[in-house]
Amino acid sequence: MKLGTPLDHFLTHAYTRVTKEEQIAYLKKNEQKMTDYVKKQNQKVTSVQWDWESVEVQSGGGPIKSETWIGIEGGFNEIEGSNFDLQWPLKNEKSYPKISDMFIVQPLRIGGTLYE
């Protein structure tokens, strides 16, 4: 790869550190893949509503192999009180998630009751 500017080296290697806003923009760019994944969890799910304000990056003691992860909450089928949590492991707090590594931490629920 031919570098065009002196900064290209940093942009093409592990030195790149993204902000939370960039992580959210990345998730929004992949919103359809996320929605399709949630719909596959239950055939009755016809629509997904994402709570972009809930996006959170956390470190330490999670339910996954990585010590750092990013998560988002959502609802489904326009049902008030419906919710679930979707998460991805991260290399560190300033990295992008790998979309294919998503998993549901809190299953589909309505008012605390499992949605079946």
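The exposed residues Glu21 and Lys29 sit on the face of helix H2 that is turned away from its buried side. The model is predicted.

Helix H2
- H2 spans residues 20-29, and its buried residues include Gln23, Ile24 and Leu27.
- These residues lie on the same side of H2, because the arc they cover around the axis is only 100°.
- Helix H3 (31-41) and strand E1 (48-59) are among the elements that cover the buried residues of H2.
- The cover also includes E2 and E3.

Strand pairing
- Strand E2 (residues 68-76) runs antiparallel to strand E3 (residues 82-90), and 7 bridges join them.
- Within this pair, Gly71 is opposite Gln87 of E3.
- E2 and E3 make up a hairpin with 5 residues between them.
- In the turn of that hairpin, Asn77 has a positive phi of about 55°.
- E3 also pairs with strand E4 (residues 103-110), in the antiparallel sense and over 5 bridges.
- Here Asn83 is opposite Arg109 of E4.

Loop between E1 and E2
- Gly60 is located in the loop that lies between E1 and E2.
- Gly60 has a relative accessibility of 34% and therefore counts as partly exposed, since this class lies between the buried limit of under 20% and the exposed limit of over 50%.
- With neighbours within four places in sequence left aside, Gly60 is in contact with Glu67 and Trp69.

How values were computed:
Residues are numbered from 1 along each chain as its sequence is written. This is a predicted model: local features need pLDDT of at least 70, side-chain atom pairs count only at pLDDT 80 or more; totals for chains, interfaces and linings use all residues. Side-chain values use heavy atoms; hydrogens and water are left out. Two strands pair if DSSP finds at least two bridges between them. Helices (H or I, at least four residues) and strands (E, at least two) are DSSP runs, numbered from the N terminus. Buried means under 20% relative accessible area, exposed over 50%, partly exposed in between (1.4 Å probe, protein chains only). The arc is that of the directions from the helix axis to the C-beta atoms. Contact means heavy atoms within 4.5 Å.
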